[in-house]
Amino acid sequence: MIKHIVMWNVIDEATIEQLKDIKNEALKLNGEIKGMMELDFIINPLSSSTRRLMLVALYEDLEALESYQIHPLHKELSAKMKPIVKDRVCFDYIE
């Protein structure tokens, strides 16, 4: 299995409504992409965190992760996030 973790910071002007909308869109990916076993999207980190948003997903294998990367639903989510994202970090590993 492959664990995919992505974290972002967002612009100061990003509203909680925008973040909730993005989370809802992300959660819609569950069950829609072959090989994706689960996906969670966190928008309420503790104040000790250095990132504002986090996606954690589990895939059957590397092929499933690669399919997710090019999937139209993932592309739509990325486009929706682009205007409010300041930075991104990603960490993928075999679980």
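Analyst: In this predicted model, α2 lies across β1, β2, β3 and β4, and its direction makes an angle of about 35° with β1.

User: What pattern does the chain follow when read along the sequence?

Analyst: The secondary structure of the chain amounts to three helices and four strands. Taken in sequence, these elements give the pattern β-α-β-β-α-α-β.

User: In what order do the strands of the open sheet stand, and which of them are at the edges?

Analyst: The four strands form an open sheet with antiparallel pairing, in the order β2-β3-β1-β4. Because β2 (36-42) and β4 (85-94) each have a single partner strand, one side of each is left without a neighbour in the sheet. From one strand to the next, the twist averages 10°. The order is thus β2-β3-β1-β4, and the strands at the edges are β2 and β4.

User: How many bridges join β1 to β4, and which residue of β4 is the bridge partner of Asn9?

Analyst: Strands β1 and β4 run antiparallel, and the bridges that join them number nine. For Asn9, the bridge partner in β4 is Asp87.

User: Which strands does helix α1 touch, and what angle does its direction make with that of β2?

Analyst: Helix α1, which spans residues 16-27, packs on the sheet and is in contact with β1, β2 and β3 (53-59). Between the direction of α1 and that of β2, the angle is about 175°.

User: Which element supplies the largest share of the lining of the largest pocket?

Analyst: The largest pocket, with a volume of about 150 Å³, has a lining that includes His4, Trp8, Tyr68, His74 and Arg88. At least two lining residues come from each of β1 (2-10), α2 (62-70) and α3 (72-81). With four residues, the largest share belongs to α3.

User: How many residues in the lining of the largest pocket are nonpolar, polar and charged?

Analyst: Among the lining residues are Val6, Leu55, Gln69, Leu77, Ser78 and Met81. By class, the lining comprises six nonpolar, four polar and one charged residues.

User: Why does the radius of gyration of the chain agree with that of a compact globule?

Analyst: The C-alpha atoms fill a box of roughly 35 × 25 × 20 Å along the principal axes. For 95 residues, a compact globule would have a radius of gyration near 12 Å, and the value agrees because the chain has 13 Å.

Technical notes:
Residues are numbered from 1 along each chain as its sequence is written. This is a predicted model: local features need pLDDT of at least 70, side-chain atom pairs count only at pLDDT 80 or more; totals for chains, interfaces and linings use all residues. Side-chain values use heavy atoms; hydrogens and water are left out. On a 1 Å grid over the protein atoms alone, a cavity is a set of points where a 1.4 Å probe fits but cannot get out, and a pocket is an open set with protein on both sides within 12 Å along at least five of seven lines; lining residues have an atom within 4 Å of a point. Grid points are joined across faces, edges and corners, and a volume is the space filled by probe spheres set on the points. Ala, Val, Leu, Ile, Met, Phe, Trp, Tyr, Cys and Pro count as nonpolar, Asp, Glu, Lys and Arg as charged, and the others, Gly among them, as polar. Two strands pair if DSSP finds at least two bridges between them. Axes are lines fitted to C-alpha atoms, for helices over the stretch in contact, and angles run from 0 to 180 degrees between N-to-C directions. Contact means heavy atoms within 4.5 Å. The radius of gyration is taken over C-alpha atoms; the globule rule is 2.2 Å times the number of residues to the power 0.38.
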